[in-house]
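Colleague: Hi! Could you walk me through this one before I set anything up?
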Amino acid sequence: MYRRILTLVGLALCLAACKTAPKGPQDLLTVNDKKIDAVIAQMTLEEKVNMLHSKTNMSSAGVERLGIADMHYADGPFGIREEGVPNGFQSAGWQLDSATYFPTGSALAATWSEDLAYQYGTGMGVEARLRGKDVILGPAVNIQRLPVGGRTYEYLSEDPILSAALALYYTKGVQDQGTAVCIKHFAVNNQETNRGSVDAQVDERTLREIYLKPFERAVVEGGAMSVMPAYNKVNGDYCSENEHLLNEILRGEWGFKGFTVSDWGGTHSTMGAMLHGLNVQMTGDNYLGQPVIDSIKVGKLTEEMVDEKVRQILRVRYAIEAIPDDVANTKQTSQPESQAIAKAVAEKSIVLLKNEGGALPLKPGVKKIAVIGQNAVLKTQSGGVGAGVKALYEITPLEGIRKRAGADVQVDYAPGYKNFPGRRWGRNPATPDPLVATAIDEPADKKLLAEAVKLARQADVVIFFGGTNKSIETEGSDRANIDLPTGQNEVVKALYEANKNLVTVLISGGPTDLRQLEPVSPAIVQGWWNGTEGGTALAEVLFGDIAPSGKLPFTFPAKLDDSPAFALGNFPDKTQGGDLFTMLYRQDLSREERAEIMAKLPKPVSQYTEGSLVGYRWYDTKNVKPMYAFGHGLSYVDFGYGAMTAAAGKDTVTVSFELSNEGAMPADEVVQLYVARPGATVEWPAKELKAFARVSLKAGEKKTVELSIPVKDLRYWNVEKNAWDLEHGTLQLLLGAASDDIRQTAEVAI
Ligand code: GLC
C-alpha cells in the first residue's frame, strides 16, 4: 500500500508540474511519457514488436533486459479465473487460485447500484492483484439486444444509461485497486451466432446513443486503461481493425491513451491491425510478430508506428505495479471482504416478479418445505466458457434454504426434471443418466414428476426451481428460444395441482418464456446466477429477513417473437455456418490456406434495423405488452411517491420528490426517471431512462430524493452534423418504480 501512496504522490507532483492540466482520467496515463520515450529509444525493433502479441495464452511480453515486466491478463468479469496452462485454457491445477464467484453481469445489473458496482470492481481488483494479474478481461458491457443471447448472463442491461453507469463504477472500483480493466467487447457484440465473422450493420445514431454508451463512460470518465475489440465486424470492418471505432472514436473523440487487446483469435491482418488501432494480438504472432518487421523492411509500415503502439502499452505498464512472481499466488485468492461484497450484490439483485396474495415471504408457521428442481442444487460458478470461476465455495439455493430454515423445519428435495448439460462440445453419455436429458425440449420424466408431486402433496409450501443452466446460456452459442427446458412447464403445473402454496424461483442469466408457468405460480422470483453466496441471499429473501429490491435490467417478453430483432426478422441471420472463430485457432493452416477457406465462407450479416428501439424502447413504442417490463421488481412493502418538482438548468434537469416506505420493514426502492419528447421533430422512442437511484428506507421512513439528468445526456447524434445535438422543446419527465409503472409526471422546457 505504501508503494501505491508513493506512486500516487509521484503522480500528483507530476501533474502539478504538467503544463496542461489533464482533461480527464485518460490523461493521467500520459504522465510517464517522457520516461517511456527514453525507454523505447533503448529498445530494439524485435523487442518492441515482441510486445505486440501474446507470450503465453494469458500474457504479453515486456522487455526483461530493461526491467519491463510482462503484462498478465485474467478473465473476469465475475471472478478471477483459475490459472491456465501457459499455452491454453486447461487448468494448471493450482491450489491457491480459488476465487470469489461474484454474481454474474445480469445479476449485478439487477441491483441498479453504482455503489455495489464499485464495490464489485474493488473485490475483483483485489483478487486480481493477489493472483499477480495486471489486467482483468472485463467488464463485459455489451447491450442486451437479444433475449436469446448466449452471453446475456455476462452482460448488463438493454438500456445504455444503466449499463454505462455500472460499467463506469465497476471500472473505477477495479482501477482504484491498482489493476487495469480491459472493457469488452468493443463493439456491437450482441450475438454468439457466427460471432467470429458476423457483420453488425448499425446506423451511426444508434451506434452512438445505444451501443457505445457503456464504453464511452468507462473510457472517458472511468479512465479504462485497456479495451478489447470484439470478434465481429461493425459496418463491414472487423472490430480489431476498425478505423472508425478504434482510431476515430476511441482515440480521437474519447481521448483514449491506453492499449487495445484483440479477443482471443480475433486478429485478422497485419496491416489492418497496425493501421487501424490494435496494439496486442491475442493469441499468436502470425500477424503482429515477424510480419510487422518484414513490412517495415519493405516500407509498408514504419518503426514510429510500432513505437506509438509500444508507448500506449507502456503507459499502462507504468500505471500498474508488476507483482513479482514470488509474491503473487502466495495467499488464497478468495478474500472474506470479496465474499461479503458478493453477498451484498446477491441480496440486492433478486427480483420479485410476482407475489399474489402475499405468498412471500414464507410464513413463520411453515414446518415442511418441498424444494423441487435440479436448479436448486446445481452450482453455477463454472461453464459458460471464458467467464467460469473456480470458486472457493458456492452456497446453492437448497443449502441456503436448509441453513436458514433451521432444524425444526423439514426441507425435502426432489430433482423434478432432468438437467440438460448441453451438447455443443460434449458427446452423448455412453450410459444414460436418469437425471440427464438428451434433448433440451424433452418432455417431463414421468418418474421424476411423480416423485416431486408426492413430496409437494405432503408439504406446507412448495418451492419450484426452474430456469436454464450455463450450457444452455453460454458464450459461443445463442439459445434457439427462451422456452423453459426439459418439461419444466409440465412439472410446475403438476406441482400446483398438488399444492396451491407454490413459489417459483428462476435460476437463469437471461429471460425465459413464462406464459405457461405464470398462471400456476402465485409468486415468482428471478434468482439469477448469483455467486458464491447466492443461496444465502435467496433464503434471506424467501424467509423475509430482507425485502427483495432487484429490478429487471432487461425485459421479459411475453414471447420471443415480440422482441425487436425477431419481430423484424433481423435475427437469426439466414446465412448458415461460417463461424471463423474456430478457424482462427487453426495454427496448422498457412495464411494462404486460411485466406482461401475464409474467402469461401458465407458472410453472415446482422441488420440492426430496429435502430435505437432496443428492449423496452421497442415494446413501449410499438405498444407490445411484455410479461415483465424493464425496471420491474416488487418489494414486501409499498412505496409512496410524492409530487415531483422539476427544474431545467443549462447543464442539468433536476427533479425532487418525497419517497416513503409505507410498510413494516426496511426496504430499498430503485426509483427510475424516464423522459418523453412530445412534439419533437427528431424521432425518439416512446420513453428513455435517463436517471435512477437506489434508496434505502426504514419502515415508515420518508426521504426527499433528488435525481438529475445531465443535459448532455438528452442530446441525439445528428448524422447530418456528425455530432451530438440538442433538440430544444418540451421534455416530459416520467418518474416511476418501473418502465411500466409511472407514478409522477412533470414537464420542463429544454
Ligand atoms: C473469449 C471471450 C473473451 C475472453 C477471451 C479470453 O473468447 O470472447 O471475453 O476474455 O476469449 O478467454
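Colleague: How far is the sulfur of C182 from the closest cysteine sulfur?

Modeller: The sulfur of C182 is 13 Å from that closest one, in C239, which is too far for a bond. A disulfide here means two cysteine sulfur atoms within 2.5 Å. One caution: this is a predicted model, where local features need pLDDT of at least 70 and side-chain atom pairs count only at pLDDT 80 or more, while totals for chains, interfaces and linings use all residues. Residues are numbered from 1 along each chain as its sequence is written, and side-chain values use heavy atoms, leaving out hydrogens and water.

Colleague: How many disulfides does the structure hold?

Modeller: It holds zero disulfides.

Colleague: Is C182 buried or exposed?

Modeller: C182 counts as buried, because its relative accessibility is 0%. Buried means under 20% relative accessible area, exposed over 50%, and partly exposed in between, using a 1.4 Å probe and protein chains only. C239 also has 0% relative accessibility, so C239 counts as buried.

Colleague: What lies 2.6 Å from an oxygen atom of the ligand?

Modeller: A polar side-chain atom of D75. For R151, a polar side-chain atom is 2.9 Å from a ligand oxygen, and K184 has one at 2.9 Å from a ligand oxygen too. The protein buries 97% of the 310 Å² that the ligand exposes when taken alone, with areas from the Shrake-Rupley method and a 1.4 Å probe.

Colleague: And the core, which residues touch the most other members in the largest one?

Modeller: F186, I369, L542, L707 and L733, among 127 residues. A nonpolar core is a set of buried Ala, Val, Leu, Ile, Met, Phe, Trp, Tyr and Cys residues joined through side-chain atoms within 4.5 Å. A second, separate core of 41 residues includes L29, Y73, L278 and V310.

Notes:
Polar contact = N/O pair within 3.5 Å; in protein donor to acceptor, adjacent residues only side chain to side chain.
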